[in-house]
Amino acid sequence: MIARIKKDIQVVFERDPAAKSVWEVILCYPGLHAIWLYRMANWLFKRGWVVLPRFISNLGRFITGIEIHPGATIGEGLFIDHGTGVVIGETTEIGNNVTLYQGVTLGGTGKEKGKRHPTIGNNVVIATGAKVLGSFKVGHNAKIGAGSVVLEEVPPNTTVVGIPGRVVCVNGKKIEADDCDLNHADLPDPIAEMLFCMQRNIGRLEEKIIHLEEELKQHDSKSI
């Protein structure tokens, strides 16, 4: 247990440059508190308890603003940055070294029984406000951009953005252009790129129309 707590604290230092001291991390990081409360609730949930683990989960939500169902499965090295508004559903499975930012929802899409929440692979980053909804897999090393809504499987080593989420990068390369990464201020936007292409084509058509009008004027002047 002590080794695991030390690992949790080390994860914060590795991924948050704002962390200055061990005591600051222990006392002031709600994501860490939510994970520790989840582990208590999960231990009880696996042993057949229902009400007490749910009460601990609700207590954690009240204290941290983060809701983790005690039935969720969470691997090592989870880091929840800030965390307000994060929701992790009952049948969610999270791999190792995953990073979640504030407002992330790992939820379901209906009232069906059984597996209804996503399975998140290792080394996945899910940015601010993203919603991952449904019982599909998000592959290892995937990145989901801020504000995206993901409703279907995400292949490994890809970056997904938009509503609904679209793959825009594979293995660190844009599908159509240059390198990209999960820079919250500079995410590729497939809709914006489409509009840019349309604007460029409209400009070309306008140039052709002007050219044709000039040729028509020259032809009319010669015929006169």
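View 1. The pocket has a volume of about 300 Å³, and the residues that line it are Met-1, Arg-4, Ile-5, Trp-36, Arg-39, Met-40, Asn-42, Trp-43, Lys-46 and Arg-47. Of the elements that contribute, H3 provides the largest share of this lining, with 6 residues. Sorted by class, the lining of the largest pocket comprises 5 nonpolar, 1 polar and 4 charged residues.

**View 2. An open sheet is built from parallel strands.** Five strands, in the order E1-E4-E7-E10-E13, make up an open sheet in which the pairing is parallel. Strand E1 (67-68) and strand E13 (149-150) stand at the edges, and because each has a single partner strand, one side of each is left without a neighbour in the sheet. Within this sheet, strand E4 (residues 87-88) pairs with strand E7 (residues 105-107) in the parallel sense over 2 bridges, and Val-87 stands opposite Thr-105 in E7. As a general point for reading this view, strands of a sheet pair through backbone hydrogen bonds, either parallel or antiparallel.

**View 3. Strand E14 has a parallel partner and an antiparallel partner.** Strand E12 (residues 143-144) is joined to E14 by 2 bridges, and the two strands run parallel; here Lys-143 stands opposite Thr-159 in E14. With strand E15 (residues 166-170), by contrast, E14 pairs in the antiparallel sense, over 4 bridges, and Val-161 has Arg-166 in E15 as its bridge partner. From strand E14 (residues 158-161), the side chains of Thr-158 and Val-160 point one way while those of Thr-159 and Val-161 point the other way, and all of these residues are buried.

View 4. E14 and E15 form a hairpin with 4 residues between them, and in the turn Gly-162 has a positive phi of about 100°. The peptide bond that leads from Ile-163 to Pro-164 is cis, with omega near -10°, and Pro-164 lies in the loop between E14 and E15.

**View 5. His-82 and Asn-97 have positive phi values although neither is a glycine.** His-82 has a positive phi of about 65° and is placed in the loop between strand E3 (79-80) and E4. The relative accessible area of His-82 is 54%, so the residue counts as exposed. Asn-97 has a positive phi of about 60° and lies in the loop between strand E5 (93-94) and strand E6 (99-100). With a relative accessibility of 31%, Asn-97 counts as partly exposed.

**View 6. Ile-94 is a buried residue with contacts to several parts of the sequence.** Ile-94 is found in strand E5, and its relative accessible area is 5%, so it counts as buried. Leaving aside residues up to four places away in sequence, Ile-94 touches Thr-73, Ile-74, Gly-75, Leu-78, Ile-88, Leu-106 and Ile-120. Ile-94 and Glu-76 are 18 residues apart in sequence, and the distance between them in space is 8.9 Å, C-alpha to C-alpha.

View 7. Where pLDDT is low, the predicted coordinates should not be read in detail. For the protein, by comparison, the average pLDDT is 85, and 89% of the residues score at least 70.

**View 8. The protein is set out here as context for the close-up views.** The protein has 5 helices and 16 strands, and buried residues make up 38% of its 224 residues. Among contacts between residues at least 6 apart in sequence, 32% join residues that are at least 24 apart.

How values were computed
Residues numbered from 1 in each chain as written. Predicted model: local features only at pLDDT ≥ 70, side-chain atom pairs only at ≥ 80, totals over all residues. Heavy atoms only, no water. Buried < 20%, exposed > 50% of the residue type's maximum accessible area, 1.4 Å probe, protein only. Pairing = 2+ DSSP bridges. 1 Å grid on protein atoms, 1.4 Å probe; cavity = no way out; pocket = protein on both sides within 12 Å on 5 of 7 lines; lining within 4 Å. Points joined across faces, edges and corners; volume = space filled by probe spheres on them. Nonpolar A, V, L, I, M, F, W, Y, C, P; charged D, E, K, R; others polar. pLDDT = per-residue confidence, 0-100. Contact = heavy atoms within 4.5 Å.
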